[in-house]
Amino acid sequence: MSFEWPWQYNFPPFYTLQPNVSTQRRQLAAWCSLVLSYLRYHKLYTIDVLEAQESPLFNNKKIQRKFPIEAIQVVLEELRKKGNLEWIDKNKTRCLIMWRRPEEWGKLVYQWVSKNGLTNSVFTFYELSNGDDTEGEGLRKFGMSPTTHTDFYRCAVKTILSECITTWFGNSSIQDRRKLHSCGRSSDHRTNRPPLH
């Protein structure tokens, strides 16, 4: 079974960003959907912007149309706004595409853990994706890349900490808040990370 292209793929105007705002909005939504579907089908996670224009995703040789680099960047920025993309480098030449956002992966993992009676168990991401108990299931079934494992873990920890701190912070005194802020600056210094504001 091969990838099934949407009807727009063979429609020449699809390869030119449309000037009308509402038309362009629908066009970008169609491109975003196509990019996510294509990468998901082929289990791809990264796009090199300079090479993208030559891939079948953005280059339809049948109708001899190629999506311009500038338009590809607009689509990628749209995916970033939706939470499906993170730039790998500062020059924005390579990006990680998450055809499922970390929150969606979290729900899938939680459902799988619950279904298999593994709640309140401790296991690693390696066990989740490659363990004996996950044959034909788990993250292997969902096609989660090692990079996405890391992003998922980071997102999960950030969410848990944010909720805990928000709950605690809301019930704390001004003195407690100053201590928390001081503690945060101290940990930023120790880990050589830029401070959170």
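1. Is arginine 80 buried, exposed or partly exposed? Arginine 80 counts as partly exposed, at 36% relative accessibility, where buried means under 20% relative accessible area, exposed means over 50%, and partly exposed lies in between (1.4 Å probe, protein chains only).

2. Before going further, please keep in mind that this is a predicted model, in which local features need pLDDT of at least 70 and side-chain atom pairs count only at pLDDT 80 or more, while totals for chains, interfaces and linings use all residues. Residues are numbered from 1 along each chain as its sequence is written, and side-chain values use heavy atoms, with hydrogens and water left out.

3. Two salt bridges are found when the whole structure is searched, a salt bridge being a side-chain nitrogen of Lys or Arg within 4 Å of a carboxyl oxygen of Asp or Glu. In one of them, arginine 80 pairs with glutamate 77 at 2.5 Å, N to O. Both of these residues belong to helix α3 (residues 69–81), where they are three residues apart, about one turn of the helix; helices (H or I, at least four residues) and strands (E, at least two) are DSSP runs, numbered from the N terminus. Glutamate 77, with a relative accessible area of 23%, is partly exposed.

4. Another salt bridge joins the side chains of glutamate 54 and lysine 66, at 2.9 Å from N to O. Glutamate 54 sits in the loop between α2 (49–52) and β2 (59–60), whereas lysine 66 is in strand β3 (residues 65–66), so this pair ties together parts that are 12 residues apart in sequence. Glutamate 54 is partly exposed at 48% relative accessibility, and lysine 66 is partly exposed at 36%.

5. Alanine 30 is found in helix α1 (residues 21–42), and its relative accessibility of 16% makes this alanine count as buried. Leaving aside residues up to four places away in sequence, alanine 30 touches Gln8 and Phe14, contact meaning heavy atoms within 4.5 Å. Between alanine 30 and phenylalanine 14, which are 16 residues apart along the chain, the C-alpha atoms are separated by 9.1 Å.

6. How many disulfides are there? The count comes to zero disulfides, by the rule that a disulfide is a pair of cysteine sulfur atoms within 2.5 Å. In general, a disulfide is a covalent bond between the sulfur atoms of two cysteines. As for the cysteines themselves, cysteine 32 is buried, with a relative accessible area of 1%, and cysteine 95 is buried at 0% relative accessibility.
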